[in-house]
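Please read the points below alongside the sequence and the model. They are set out as a colleague's note, one topic to a paragraph.

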Amino acid sequence: MKSSVACIILGKSAETQNKILIARRAQKGDMGGRWEFPGGKVDGSENDKEAIAREMLEEFGESVLTGDFVGSAEFEHGGQNNFLRAYEVFFSNDGLEKPFPLTEHTEFKWSSFDELPVDNFVDSDLKLFPAVKKFIEKNYGSK
């Protein structure tokens with residue numbers, strides 16, 4: 001079974017407080033153009049934290065800290081079973097003053113949980129929504 005990680009990045013600045021960072025995938029592949037929680041595949045002998053660090057540096061040019069486990073989901077993609085684990089991840093930059101050098105996405109935005117574009121979110125991440133909502137409510141109050 002393949003393994004992937006999703007990063008739940010909550011804003012800390014005045015402009016991003018109580019919001020989650022989401023990114024729109026580049027127009028390639030069957031999920032192109034859809035919104036997602038940033039993340040990606042766990043490669044080879046990497047553990048989840050190593051995969052998160054690598055993915056966020058590659059995709060956003062950011063060194064990050066990985067926090068608590070948020071939740072997990074199983075999904076099928078391309079006829080293969082996959083396991084997705086989500087973690088709280090901390091960025092030092094919110095991408096507003098110093099824009100992220102996006103490599104895998106065409107744009108990003110900070111969105112409240114209730115405003116996430118559910119109709120255009122990647123299927124695997126949609127399965128994480130209940131765990132993400134529960135995590136946010138427990139740790140940050142109702143959002």
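1. Phe100 is buried, since its relative accessible area is 7% (buried means under 20% relative accessible area, exposed over 50% and partly exposed in between, with a 1.4 Å probe and protein chains only). Phe91 is likewise buried, at a relative accessible area of 15%. Phe91 and Phe100 form an edge-to-face aromatic pair, with 5.5 Å from centre to centre and 85° between the planes (rings of Phe, Tyr and Trp, the last by its six-membered ring, pair if their centres lie within 6.5 Å, and planes under 30 degrees apart count as stacked, over 60 as edge-to-face and the rest as tilted).

2. On the basis of the note: this is a predicted model, in which local features need pLDDT of at least 70 and side-chain atom pairs count only at pLDDT 80 or more, whereas totals for chains, interfaces and linings use all residues. Residues are numbered from 1 along each chain as its sequence is written, and side-chain values use heavy atoms, with hydrogens and water left out.

3. The count of aromatic pairs comes to 9. In one of them the rings of Phe60 and Phe91 have centres 5.8 Å apart and planes at 65°, so this pair is edge-to-face. The pair links distant parts of the chain, as Phe60 belongs to helix α1 and Phe91 to the loop between β6 and β7, 31 residues apart (helices, H or I with at least four residues, and strands, E with at least two, are DSSP runs numbered from the N terminus). Elsewhere, Phe37, Phe113, Phe121 and Phe129 form one aromatic cluster.

4. An open sheet of 3 strands has the order β3-β2-β7, with antiparallel pairing (two strands pair if DSSP finds at least two bridges between them). β3 (35-36) and β7 (105-111) stand at the edges, each with a single partner strand, so one side of each is left without a neighbour in the sheet. Strand β2 (residues 20-25) pairs with β7 over 6 bridges, and Arg24 stands opposite Glu107 in β7. Between β2 and β3 there are 2 bridges, and the bridge partner of Ala23 in β3 is Glu36.

5. The charged end of Lys109 sits over the ring of Trp35, 4.9 Å from its centre (the criterion is NZ of Lys or CZ of Arg within 6 Å of the ring centre and within 35 degrees of the ring normal).

6. Which backbone value deserves a look in Asn18? Phi of Asn18 is near 70°, a positive value in a residue other than glycine. Most residues other than glycine have a negative phi. Asn18 lies in the loop between β1 and β2 and counts as partly exposed, at 40% relative accessibility.

7. The largest pocket is lined by 32 residues, with Ser4, Arg25, Glu36, Gly40 and Lys41 nearest its centre (on a 1 Å grid over the protein atoms alone, a pocket is an open set of points where a 1.4 Å probe fits, with protein on both sides within 12 Å along at least five of seven lines, and lining residues have an atom within 4 Å of a point). Elements that give two or more residues to this lining include β1 (2-9), α1 (48-60) and β5 (65-77).
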